[in-house]
Amino acid sequence: MTQKAKGQDDNNPLKKIIAHAKEYGFIFPSSEIYDGLQAVYDYGQNGVELKNNLKHLWWKAMTQMHENVVGIDAAIFMHPATWKASGHVDSFNDPMIDNKDSKKRYRVDHLIEDKASQYEQEGKANDAAALLDKMENLLAQEDYKGLYDLIIAENIQCPIAKTANWTEVRQFNLMFSTEMGAVADESGKIYLRPETAQGIFVNFLNVQKTSRQQIPFGIAQIGKAFRNEIVARQFIFRMREFEQMEMQYFVRPGEEMQAYQTWKERRMKFLTSLGLPAQKLRWHVHTKLAHYANAAEDIEFEFPFGFKELEGIHSRTDFDLTQHQNLSRTKMQYYDEETKERYVPYVVETSIGADRLFLAVLCNAYTEDKGVDAEGREKERIYLNLHPLLAPYQVAIFPLVRKDGLPQKAREVFELLRYDCRALYEEKGAIGKNYTRQDLIGTPFCITVDHQTLEDQAVTLRHRNTTQQERVAIADLPNKLGEVLSLRHWLKQLQ
Ligand code: ATP
């Protein structure tokens with residue numbers, strides 16, 4: 001039997017995943033009845049569970065497993081000076097270019113990177129590297145004329161118009177703005193935060209004083225961020241409204257590189273602990289560092305469209321706190337009891353998009369299991385190989401038939417399990433179809449209550465990945481499932 005989501009395209013793995021995500025209640029295009037809103041998405045009934053589980057595990061890994069990391073939840077709106085201090089007002093720009101024929105606008109770096117990928121596919125790795133090198137130099141020098149010339153020299157064409165009829169390269173600020181209060185003029189202009197990190201920096205003193213944390217310590221936060229991304233492709237990889245999970249770790253100046261190494265290891269361990277395979281993750285070292293950073297690396301994941309940034313780990317020096325100190329005239333200093341010194345702490349940041357992690361996990365989980373059935377016919381089974389702690393439902397319980405007291409017995413099993421895990425009770429539909437449905441949303445365990453259950457107080461436990469079934473006493477279920485679904489067990493692996 002084949003179960004494919006509507007609109008699925010056999011040759012495009014991302015399209016398959018997008019179709020699957022929609023068909024099974026994970027992700028819907030925003031305001032779809034009005035034809036959607038570009039690069040904005042809604043999470044459906046299964047998507048919200050998976051996303052909440054990701055956020056929950058990140059939060060637990062950060063705060064529960066680190067005695068010196070605490071969390072906050074800052075507002076999306078911040079004083080506009082915040083974004084002046086952080087540099088976002090003046091330099092959160094991307095160089096853009098418009099095609100005069102298609103009227104489409106593109107990020108210059110994306111156009112050039114696509115050309116480099118094309119060279120790579122043609123086996124011209126040296127040309128690709130040389131092109132990227134040229135681009136990085138021009139970007140670093142903010143040489144827009146040079147970038148334009150490079151696009152023309154490489155004959156880079158608009159993917160839609162298929163022409164190289166380009167405007168000049170221009171800067172475009174990615175922040176969304178709105179007005180606060182009744183008067184719509186520049187004085188009331190505020191921004192929707194383009195990153196969550198600044199909410200942490202401006203609260204550094206509040207948290208340090210009230211938590212009585214001593215350096216080194218970290219502040220973690222999960223929250224929405226907004227960027228007016230121009231090229232919003234690749235599903236939830238690049239959205240205009242998205243969620244970030246960031247942690248800023250404050251250290252003594254000079255001790256940042258040690259913290260940087262430690263957090264690099266911890267973050268990689270976190271990602272593999274969720275079931276992302278090590279071979280699909282790699283480090284990308286930033287060769288051209290932002291002026292405030294003294295080390296920066298990204299963890300890239302192999303998405304269906306290639307290795308792309310999933311998480312950034314950056315050593316940001318004392319740049320942000322110093323900027324806020326200068327603009328707000330509030331001392332952002334810390335008095336170190338040990339060294340008897342006063343200093344602005346250095347910061348190591350880990351920053352990952354919850355939606356991007358969702359996409360990585362979903363792409364990795366999507367499995368097409370091809371085989372032959374007992375009669376020798378080809379069959380294909382699709383399931384989501386989600387980590388049991390991430391799956392929207394962890395166990396689904398069905399009575400074999402809707403009579404003979406089986407629904408009542410199955411409900412008893414449901415009541416036994418629902419307080420310790422995300423359990424689902426379903427009495428409609430044939431068992432085979434119910435198994436298939438749970439496979440498609442990634443439920444790791446299914447339980448069937450049959451006539452024999454009434455006699456031996458045992459049920460059939462079916463495992464999603466192998467489809468193997470075993471008979472388990474009802475009384476043993478909590479322990480058996482508890483071992484696999486244990487948060488404690490997962491957290492211990494992280495140490
Ligand atoms: P990119 O180069 O892909 O635009 P970035 O380097 O600007 O990303 P950061 O500012 O370092 O990204 O943000 C940290 C993390 O936030 C990224 O690693 C990514 O996981 C996530 N993120 C950033 N922009 C978006 C977006 N538009 N949609 C979804 N997630 C995003």
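What follows is a conversation about a predicted model, in which each label is checked against its rule.

Colleague: Let's start with K370. Where is K370 found, and why is K370 called exposed?

Modeller: K370 sits in strand β17 (residues 366-372). Its relative accessible area is 61%, and exposed means over 50%, so K370 is called exposed.

Colleague: What makes the K370 and E380 side chains a polar contact?

Modeller: The distance given for that pair is 3.3 Å. The cut-off for N or O atoms is within 3.5 Å, so the pair qualifies. Beyond four places in sequence, K370 touches K379 and E380.

Colleague: Now R193. Which loop holds R193, and how do you know that R193 has no salt bridge?

Modeller: R193 lies in the loop between β8 (189-191) and α8 (197-202). The nearest side chain of opposite charge is D73, 5.3 Å away.

Colleague: Which backbone oxygen lies 3.2 Å from a polar atom of the R193 side chain?

Modeller: That is the backbone oxygen of A74. A74 is also among the residues that R193 touches, together with others including W83, Q221 and F226.

Colleague: On to the domains. How do you know which residues belong to domain 1 and domain 3?

Modeller: The domain assignment gives domain 1 as 39-77 + 188-363 and domain 3 as 393-493, with domain 2 at 93-173. The contact between domain 1 and domain 3 takes 13 residues from domain 1 and seven residues from domain 3. Taken over C-alpha atoms, the centres of these two domains are 38 Å apart.

Colleague: What is the area buried between domain 1 and domain 3, and what share do carbon and sulfur atoms give?

Modeller: The buried area is about 790 Å², and carbon and sulfur atoms give 64% of it. Across this interface of domain 1 and domain 3, the rule finds zero salt bridges, while two residue pairs are in polar contact.

Colleague: Which element gives the most to the side of domain 1 that touches domain 3?

Modeller: That is α2, with eight residues. The elements giving two or more residues to that side are α2 (45-64) and α10 (256-273).

Colleague: Last one, F305. Where is F305 found, and which residues does F305 contact beyond four places in sequence?

Modeller: F305 is in the loop between β12 (295-303) and β13 (306-317). Its contacts are L14, Q234, F237 and L359. The C-alpha atoms of F305 and L359 are separated by 12 Å.

Methods
Residues numbered from 1 in each chain as written. Predicted model: local features only at pLDDT ≥ 70, side-chain atom pairs only at ≥ 80, totals over all residues. Heavy atoms only, no water. Helix = DSSP H or I, 4+ residues; strand = E, 2+ residues; numbered from the N terminus. Buried < 20%, exposed > 50% of the residue type's maximum accessible area, 1.4 Å probe, protein only. Lys, Arg positive; Asp, Glu negative; His and termini not counted. Salt bridge = Lys/Arg side-chain N within 4 Å of Asp/Glu carboxyl O. Polar contact = N/O pair within 3.5 Å; in protein donor to acceptor, adjacent residues only side chain to side chain. Contact = heavy atoms within 4.5 Å. Domains from an automatic or database assignment. Buried area = accessible area lost by both parts, 1.4 Å probe.
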